[in-house]
Amino acid sequence: MLAYIKVLENNKYLNLDKKSKLLYFKAYHFRISQNDSLSFIYHKKALDFANEIKDSLTILASLSGLSQSKGYDGYNYRIDYLNKLKTKAYEFNNHKFKIVESFLRGNYYYLRDENIKASRYYNNVLKFKYRKQDSAYLVNTLNNLGALYNDNFQLPDSANYYYKLKLKIINNNKIQKWL
């Protein structure tokens, strides 16, 4: 796969918007292969190139990837890129990345045992209107809220509420009116 990407990278006829997406794809490849350093490098290259050509979708996707990089504190998720992602998601008025930012910010605080802040951001995710393509964030958020309430707040009844709601959505495959 990387050989194919290399051929595309060297193609002088490749449209500029495709080149930024190609850099992002390469970054994502390194993310799933768990090479955080190369993932960071290629997310940054994709971001820089996308900024040059004003490719808003690749800017947002790259910021999302960068925000999930290992921070200087050794934890996953970086607040500096989360802040940039939030700014750009609202600047571009991108519904999906508004959801993504709030979800990732919840994860940021969850991993640092800042449970009240994590809960606040996860609950913010629940306030968005959902389309079919956004449903994974909804289901994952409900799951994370269940884990947060069960493990960190020691409130199993609240945890069960979120787990049951998640299962209801999965079983009914409905996200439009889920509460």
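Q: Which residues is S62 in contact with, leaving aside its neighbours within four places in sequence?
A: S62 is in contact with Y24, H43, A46 and L47. Contact here means heavy atoms within 4.5 Å. Before going on, note that this is a predicted model, in which local features need pLDDT of at least 70, side-chain atom pairs count only at pLDDT 80 or more, and totals for chains, interfaces and linings use all residues. Residues are numbered from 1 along each chain as its sequence is written, and side-chain values use heavy atoms, with hydrogens and water left out.

Q: Why is S62 called buried?
A: Buried means under 20% relative accessible area, with exposed over 50% and partly exposed in between (1.4 Å probe, protein chains only). S62 has a relative accessible area of 0%, so S62 counts as buried.

Q: What makes T58 buried?
A: The relative accessible area of T58 is 3%, so T58 falls under the cut-off. Not counting residues up to four places away in sequence, T58 touches S20, K21, Y24, A46 and A50.

Q: Why is the span of α7 called close to the expected one?
A: The expected span is 1.5 Å times one less than the number of residues. Helix α7 (residues 115–126) has 12 residues and reaches 17 Å from its first C-alpha to its last, close to the 16 Å expected. Its buried residues, among them N115, Y121 and L126, pack against α6, α8 (135–152) and α9 (156–172).

Q: What lines the largest pocket?
A: There are 18 lining residues, of which Y24, Y28, A61, S64 and Q68 lie nearest the centre of the pocket. On a 1 Å grid over the protein atoms alone, a pocket is an open set of points where a 1.4 Å probe fits, with protein on both sides within 12 Å along at least five of seven lines; lining residues have an atom within 4 Å of a point. Helices α2 (16–32), α4 (56–67) and α6 (95–111) each supply at least two residues of this lining.

Q: How much of the protein chain counts as buried?
A: Of its 179 residues, 44% count as buried.

Definitions and conventions:
Helices (H or I, at least four residues) and strands (E, at least two) are DSSP runs, numbered from the N terminus.
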